[in-house]
Amino acid sequence: MDGTPNPAGTRRVGPNGSSTPDPADEIARLSAENARLRGQLGPAAEHRAAARWRAFFAALLITIGVILAPVSVVAYWTKGYINDTDRFVASLAPLADDPAVQAYLVDEIVTVVNDSIDIDGITKDLFAGLSNLDLPPAAKDALTLLEQPAVQGVQGLIRSAATNIVASDAFAQLWEQALRTSQTQVIAALEGDTTSALVISDTGDIGIQLGPIIAEVKKELVDRGFSLAQNIPEVNRTIVVAQSDSLVQARTGYQLLNVLGFVLPLVSLGLIVLGVLVAKRRSRTMIWAGLTLALSMALLAAGIAVGRILFVSAVSPTYLPSNVAQALYDAVVPFINATALSVGLVGFTVAVVAYLAGPFRGGAIVRRGTIGTAARIRATAADAGITTGGFGDFLYHYRRLAHVLIGLAAAAVAIFWRPLTPPVIIWTAVLALVAVLLVELLQRPPVSPGARPASGTPPGGGPAPQEPSAGPAGDTRNQPTLPLPLGDPDDLPGQTGPTEPLEPIRTTGRPD
């Protein structure tokens, strides 16, 4: 009041006798608080930047892995299907019983025989020689009328013999043996060997050797008394069944995919797993990784369906009838379709398991019901003197390993079981679920001292304590509000798995 300066750290006295903080002190205090808050925000900003980079790299790794997944399936098919003789023969052998394929082969066989034997010329020479004999005019006129039916009869005989050969069991065996023998020729053709029976030329023509089939038809005709069939020479003719400039490139592609057929699936799977491990929110990341993997397999299956249309339009009718082209394509693609289905099923299953095991409301409800039911059953059995003893302790200790083994077994069925049919898929899922439930039921979790029994009776045997009433329905004025945890549920410390039930939060004024 006398105009002298106020020393630092003192308080001024107001007009009504109250003291007020010194402005200099207040400024210093606010500056210190500001500096303290800035110091706290620095690590938080760095943490957010690191989290963004982790999310970016996780998304990048999973995206590359999912994009490589269809290529990996095609490479695996190329290596495992074409190089596997038994699988190759098993897929193409049924074509010998396909009516469209049989009709096509009969037409080709008749054409080859007619090209080798001039049926019309031989018949004309025969009837010309008969006409030069000293025959009555009526007989000569009759020979003239019989000449064309004789040609047609010989043609019918050839077609009948070819049809009987193609429709016989012997031909089916011959077809299978030819496939088994020519499987090496297929590999040789894709590797660029031009001396094999199945050849891919430099212009993109692909053909099949008819020699063995013609030899069988020749034998059949001779056995039927058609001695002229002995004049059929050994045929070295190749039927061109397709032509495409891309077939030349297919040889290079085959050699590359054959090398990558083993590496690419491992790379694709490794990138997806690494992306999940890098991610901070792993539960959500596993869900999206599984769903995108399943989607990529669905797109691969759609591409195979479109490829059928493109293949048929490319080879029909120039090289093959459309029904034969369809039968050939349908005989080749089931293995790659089954592989795409199995990988997509594994991806979808991973997404479902990640949801049920993660910190999500639906998964928590399922876990709570499953864990609670198993706990009540174990408690009832224990009251009756039935426990799993040391095995239960062991199973509880290695429960996560047991879940992993169950998942790997189900995945192995989906990947390696052929043919993969809907009943196989359903039974695999049911048995895996039963196995998980058995692990939950047979394990023996440790009981903490003073833990409340499942029946709700306190350890002393008295009546259970009553929780404070929550008041009328809808009245929350007297109920305390529980603070929500900061951050994402995936980041909560002490997060438990599906076999570790969470202790209920008990607060005054809020029932369980």
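In the predicted model, helices α12 and α15 are oblique to each other, because their axes cross at roughly 50°. Helix α12 spans residues 361-383 and helix α15 residues 422-442, and the two axes come within 8 Å. The crossing of this pair is right-handed. On the α12 side, the contact is made by Thr370, Ile371, Ala374, Ile377 and Arg378, and on the α15 side by Leu437, Glu440 and Leu441.

Helix α9 covers residues 282-315, and helix α11 covers residues 334-357. The crossing of α9 past α11 is left-handed. Residues of α9 that take part in the contact include Ser283, Met286, Gly290, Leu293, Met297 and Ile304. Among the residues of α11 that they meet as a group are Ile336, Ala340, Gly344, Gly347, Phe348 and Tyr355.

Leu300 lies in α9 and is buried, since its relative accessible area of 13% falls under the 20% limit. Beyond residues up to four places away in sequence, Leu300 touches Pro70, Val73, Val74 and Ala340. One of these, Val73, is 227 residues from Leu300 along the chain, yet the C-alpha atoms of the two are separated by 9.0 Å. Thr285, also assigned to helix α9, has a relative accessible area of 14% and is likewise buried. When neighbours within four places in sequence are left aside, Thr285 is in contact with Ile62, Gly275, Val276 and Ala279.

Helix α10, comprising residues 322-332, packs against helix α3, residues 99-116, with axes that come within 9 Å and cross at roughly 125°. That angle makes α3 oblique to α10. The crossing of α3 and α10 is left-handed. The residues that meet here are Ala100, Val101 and Tyr104 from α3, and Asn323, Val324 and Ala327 from α10. Helix α10 also contains Asp330, which is partly exposed at a relative accessible area of 34%. Asp330 and Ala305 lie 25 residues apart in sequence, with a C-alpha to C-alpha distance of 9.9 Å. In the loop between α9 and α10, where Pro317 is found, the peptide bond that joins Ser316 and Pro317 is cis, with omega at about 0°.

Aromatic side chains were examined next. A search of the whole structure finds eight aromatic pairs. In one of them, Tyr76 and Phe335 are stacked, with 6.2 Å from centre to centre and 25° between the planes. Tyr76 belongs to helix α1 (residues 23-82) and Phe335 to helix α11, so this pair ties together parts of the chain that are 259 residues apart in sequence. The two partners fall into separate accessibility classes: Tyr76, at 30% relative accessibility, counts as partly exposed, whereas Phe335, at 10%, counts as buried. Ring pairs also link Trp53, Phe56 and Phe57 into a cluster. A further arrangement involving an aromatic ring is found at Tyr396, where the charged end of Arg399 sits over the ring, 4.2 Å from its centre.

For the protein chain as a whole, the secondary structure comes to 15 helices and five strands. Of its 512 residues, 29% count as buried. Among contacts with a separation of 6 or more, residues 24 or more positions apart account for 77%.

Notes
Residues numbered from 1 in each chain as written. Predicted model: local features only at pLDDT ≥ 70, side-chain atom pairs only at ≥ 80, totals over all residues. Heavy atoms only, no water. Phe/Tyr/Trp six-rings, centres within 6.5 Å; stacked < 30°, edge-to-face > 60°. Helix = DSSP H or I, 4+ residues; strand = E, 2+ residues; numbered from the N terminus. Buried < 20%, exposed > 50% of the residue type's maximum accessible area, 1.4 Å probe, protein only. Lys NZ or Arg CZ within 6 Å of the ring centre and 35° of its normal. Axes fitted to C-alpha atoms, helices over the stretch in contact; angles between N-to-C directions. Parallel < 35°, antiparallel > 145°, perpendicular 65-115°, else oblique. Left-handed = near helix turned anticlockwise from the far one by under 90°. Contact = heavy atoms within 4.5 Å.
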